[in-house]
Amino acid sequence: MPIKGVSDIRRLPRLGRIRLGIKVVNLEGVEYPKAVEYFVCPPEVEAVCGEKPTELRIVFPGEDEGRFAPQSYSCYSATRGLICRGDGENALRMVDKNTGALAHRDIVSTEMRSVRCHPVKEREEDNAPLCPEYTGEGYKAPQCRRLMQLQFFLPDVPGLGVWQLDTGSFHNIVALNSVLELLRRLTSPPRVSMIPIQMRLVPREGQVKGKRKSFRVLQFVAPY
């Protein structure tokens with residue numbers, strides 16, 4: 001007989017990651033991420049798409065973007081992995097059962113507890129504590145950050161499974177959500193899966209902290 005809660009679970013195998021940057025070391029020996037003008041790919045992808053591709057042919061693996069492109073504010077720990085996930089107003093956080101402090105590697109007894117990300121909608125009946133990572137002006141980097149984990153097929157690359165690209169860019173998240181809605185409007189019945197799409201990394205200019213800056217963003221193009 002099938003095992004309830006186990007036999008009905010399905011997960012697409014993940015073949016690897018596609019990245020939007022590399023790690024570099026400054027003069028003080030501190031390592032930090034640096035954005036580049038191309039997709040940083042594993043060797044098996046480079047063998048098909050080139051060493052520094054700026055365009056990849058992808059296919060979305062399903063209809064539910066909540067599964068192939070989950071989006072949230074996420075907090076990760078080096079020892080425990082994901083310890084908090086929220087929508088910007090409410091979150092579930094892994095804490096010490098006794099003290100309520102954020103869980104770390106030495107904590108023995110933990111539980112998931114509701115917290116308010118920030119006091120956007122304070123209500124008398126809302127007793128959830130305010131997230132300690134919120135400073136009043138934003139979140140303490142890099143503990144809590146916006147994150148989209150986009151998974152897709154690369155039909156030109158051998159292998160049965162999905163590739164994953166993580167991004168916290170506002171522009172990238174909006175671009176993905178917009179092309180999904182457009183595809184559903186243009187197909188009958190509405191669908192987004194198994195339609196080859198060109199994912200490009202293109203230059204863009206905008207204001208970053210009051211200064212004009214050039215950066216790269218994702219662009220999704222249906223070549224039909």
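## Close-up views of the predicted model

**View A. The largest pocket is lined by 40 residues, of which Pro33, Arg145, Thr167, Gly168 and Ser169 lie nearest its centre.** This is a predicted model, in which local features need pLDDT of at least 70 and side-chain atom pairs count only at pLDDT 80 or more, whereas totals for chains, interfaces and linings use all residues. Residues are numbered from 1 along each chain as its sequence is written, and side-chain values use heavy atoms, with hydrogens and water left out. A pocket is here an open set of points on a 1 Å grid over the protein atoms alone, with protein on both sides within 12 Å along at least five of seven lines, while a cavity is a set of points where a 1.4 Å probe fits but cannot get out; lining residues have an atom within 4 Å of a point. The volume of the largest pocket is about 1800 Å³, a volume being the space filled by probe spheres set on grid points that are joined across faces, edges and corners. At least two lining residues come from each of strand 2 (19-25), strand 3 (31-40), strand 9, strand 10, helix 3, strand 11 (197-208) and strand 12 (211-221), and strand 3 gives the most, with seven residues. Helices (H or I, at least four residues) and strands (E, at least two) are DSSP runs numbered from the N terminus. By residue class, the lining of the largest pocket holds 18 nonpolar, nine polar and 13 charged residues, where Ala, Val, Leu, Ile, Met, Phe, Trp, Tyr, Cys and Pro count as nonpolar, Asp, Glu, Lys and Arg as charged, and the others, Gly among them, as polar.

**View B. The second largest pocket contains about 280 Å³ of space.** Its lining is made up of Arg10, Arg11, Leu12, Pro61, Gly62, Glu63, Asp64, Arg67, Phe68 and Gln151. These residues of the second largest pocket divide into three nonpolar, two polar and five charged.

**View C. An open sheet of seven strands has the order 1-10-9-5-6-7-8, with mixed pairing.** Its edge strands, strand 1 (14-17) and strand 8 (110-116), each pair on one side only, and two strands are taken to pair if DSSP finds at least two bridges between them. Neighbouring strands of this sheet are turned by 40 degrees against each other on average, direction ignored; the axes are lines fitted to C-alpha atoms, for helices over the stretch in contact, and angles run from 0 to 180 degrees between N-to-C directions. Strand 6 (residues 81-86) pairs with strand 7 (residues 90-96) in the antiparallel sense over three bridges, and Cys84 stands opposite Arg93 in strand 7. Helix 3 packs on the sheet and touches strand 5, strand 9 and strand 10, its direction making about 40 degrees with that of strand 9.

**View D. Strand 9 (residues 144-152) is mostly covered, since seven of its nine residues are buried.** Buried means under 20% relative accessible area, exposed over 50%, and partly exposed in between (1.4 Å probe, protein chains only). Strand 5 (residues 71-77) runs antiparallel to strand 9 and is joined to it by five bridges, with Gln71 standing opposite Met148 in strand 9. Strand 10 (residues 162-167) also pairs with strand 9 in the antiparallel sense, over five bridges, and Trp163 in strand 10 is the bridge partner of Phe152.

**View E. Leu176, in helix 3 (residues 170-186), is buried, with a relative accessible area of 0%.** Not counting residues up to four places away in sequence, Leu176 touches Phe60, Ala69, Gln71, Met148, Leu150 and Phe220, where contact means heavy atoms within 4.5 Å. Leu176 and Leu218 lie 42 residues apart along the chain, and their C-alpha atoms are separated by 8.1 Å.

**View F. The loop between helix 3 and strand 11 holds Pro189 and Met194.** Ser188 and Pro189 are joined by a cis peptide bond, with omega about -5 degrees. Met194, a residue other than glycine, has a positive phi, near 60 degrees, and counts as partly exposed at 48% relative accessibility.

**View G. Lys97 has its place in the loop between strand 7 and strand 8.** With a relative accessible area of 44%, Lys97 is partly exposed. Residues up to four places away in sequence aside, Lys97 touches Ser109, Thr110, Glu111 and Arg113; Glu111 is 14 residues from Lys97 in sequence and 5.9 Å from it in space, C-alpha to C-alpha.
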